[in-house]
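Have the model open beside you as you go.

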Amino acid sequence: MRVLFTGGGTAGHINPALAVAGYLREQEPDTKILYVGNRGGMEERLVPRAGYEMAFITISGFQRRLSFKNLMKNLRTVERIFTATAETKRIIKDFAPDVCVGTGGYVSGPVIREAAKLGVPSVIHESNAYPGVTTKLLSKQVHTVLLAVPDAKKYFDESVRTVVTGNPVRGEVLRMDREQARKELGLDSRPLVLSFGGSLGAAMLNRAAAYMLAESAKSGKYQHIHGYGQNDPMFLEELSEYGLDLPKNPQIRVLDYIHNMPTCLAAADLVISRAGAMTLSEIEAKGKASILIPSPNVAENHQFHNAMALVKRGAGEIIEEKDLTGEALWKKVEKILSDPERLKSLGENAQKMDILDANNRIYKVIKEAYGSKGK
C-alpha cells in the first residue's frame with residue numbers, strides 16, 4: 001500500500017499524521033509513505049526526524065483582518081494556490097498513492113483536493129471539536145472525515161461520512177506510570193500542579209501563573225512544574241517582583257521548555273494549560289483534572305470548543321482569557337485541590353472521554369479507503 005500524508009503548520013497537525021504513519025508501518029512494514037508539507041513549515045524539521053520521505057509545496061492562508069498589508073498577503077496566497085495545485089498534481093502523479101490522509105493546516109487543502117480530483121481515496125482527520133474551514137470545505141470530496149470527538153459531527157452535512165476515532169496519542173504518554181514518574185522527578189506526596197502554555201509560551205497564562213506560584217510558595221502545600229516557553233524572558237523577573245525566591249522553594253520548578261512532558265503529565269494531579277486538541281487528548285488519556293485557558297487567537301475559536309467538550313462532561317474547568325487573572329487562577333486551583341472528590345471526578349470523567357485505540361480506528365478507515373479504490 002502507498003499512502004500519502006499531508007498536514008502542517010503546527011505540531012497539532014503534524015504529530016497525528018506521524019503517529020498514524022508509525023502505526024501503519026508497524027502493521028504493514030512494506031507500506032510506502034510520502035509526506036507532503038509546506039516549504040518552510042515546522043513539518044520540514046519534524047517529519048525527516050521521524051524518518052519519512054518528504055515532498056513540498058508552497059502555500060499560505062488568507063488574512064481575515066482588513067489592511068493594505070494583509071491585502072497584499074492575500075493576493076500572494078491566491079497566486080500560491082495556483083502554483084501549489086500544479087505542484088501537488090505532479091507529486092501525486094509521481095508517487096501514485098493508494099490513499100491520501102490529511103490532518104489539517106493550509107497544506108492539506110490543495111493536496112486533498114487534488115487527490116480527490118485524481119480519484120485517490122482520501123480521508124481527513126479533524127482533531128478539534130469545532131472543525132476547521134479546510135475540513136468542512138473538503139468533507140464532501142473525501143471517503144471519510146475522522147473525528148476526534150462526537151461533538152464535531154453536527155457541523156457536517158448528513159451526506160458526509162464521519163467516523164469518531166479520537167486523536168492519536170504518543171506511545172510514551174500512554175506507557176508512563178504515575179508512581180514511576182513521581183519517583184523520576186523526585187517528588188514527595190504533596191499534590192503536583194503542572195502548568196504550561198505551549199513550547200513558545202503564553203503571556204497571559206504566564207502572568208497568572210507567576211501570581212499563583214508566589215501565593216503557593218507561602219504555604220508550601222503544593223508542588224509545581226511550570227513551563228513558561230521560549231518567548232517570554234520576562235517571566236523570571238515577574239517571579240522576583242512577586243517576592244518568590246526559587247532556590248528557597250525547591251517544590252516549585254520553572255522551565256523554559258518541558259522536555260519530559262510524558263513524565264510530568266503522568267506525575268501531575270492537576271494540569272493547567274491551553275486547550276489544543278492534542279494536549280486535551282493526552283490529558284484524557286492519563287485521566288487528569290484540568291483547568292483550561294483556551295487561546296482566543298486561533299481560527300474559529302476552536303480551543304474554546306475543545307475546552308467546552310470537557311467542561312460539559314464534568315471533565316475539566318475553564319477560565320476564558322478575558323477573565324484570567326492570577327487571583328482567579330489561584331482561587332480555582334485551591335478550590336479543586338482542597339476537594340479530593342472533585343479532583344477525582346474531573347480526572348475520571350476526562351478518562352471516560354479517551355479513545356485509547358485511536359490509531360487502530362484510523363488504520364481501519366485507511367484500509368477501507370484502500371479497498372474502495374477503483375470502485
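**Exercise 1.** How much space lies in the largest cavity?

*Solution.* First, some background: this is a predicted model, in which local features need pLDDT of at least 70 and side-chain atom pairs count only at pLDDT 80 or more, while totals for chains, interfaces and linings use all residues. Residues are numbered from 1 along each chain as its sequence is written, and side-chain values use heavy atoms, without hydrogens and water.

Next, the term: a cavity is a set of points on a 1 Å grid over the protein atoms alone where a 1.4 Å probe fits but cannot get out. Points are joined across faces, edges and corners, and the volume is the space filled by probe spheres set on them. The count comes to 1 cavity of 30 Å³ or more, and the largest cavity holds about 140 Å³.

**Exercise 2.** Find which element gives the most residues to the lining of the largest cavity.

*Solution.* Lining residues have an atom within 4 Å of a point. There are 16 of them, with Ala-148, Val-149, Asn-167, Ser-281 and Glu-284 nearest the centre.

**Exercise 3.** Work out how α11 is oriented against α12.

*Solution.* Start with the axes, which are lines fitted to C-alpha atoms over the stretch in contact, with angles from 0 to 180 degrees between N-to-C directions. Those of α11 and α12 come within 10 Å and cross at roughly 20 degrees. The two helices are therefore roughly parallel (angles under 35 degrees). Now look for the contact (heavy atoms within 4.5 Å): Ala-277, Leu-280 and Glu-284 of α11 meet Asn-306, Ala-307 and Leu-310 of α12.

**Exercise 4.** Repeat the analysis for α11 and α14.

*Solution.* Helix α11 (residues 277–286) packs against α14 (residues 340–353) at about 110 degrees, with the axes 6 Å apart. This pair is therefore roughly perpendicular (65 to 115 degrees). On the α11 side the contact uses Ile-283, Glu-284, Ala-285 and Lys-286, and on the α14 side Ala-350, Gln-351 and Met-353.

Conventions. Helix = DSSP H or I, 4+ residues; strand = E, 2+ residues; numbered from the N terminus. Parallel < 35°, antiparallel > 145°, perpendicular 65-115°, else oblique. 1 Å grid on protein atoms, 1.4 Å probe; cavity = no way out; pocket = protein on both sides within 12 Å on 5 of 7 lines; lining within 4 Å.
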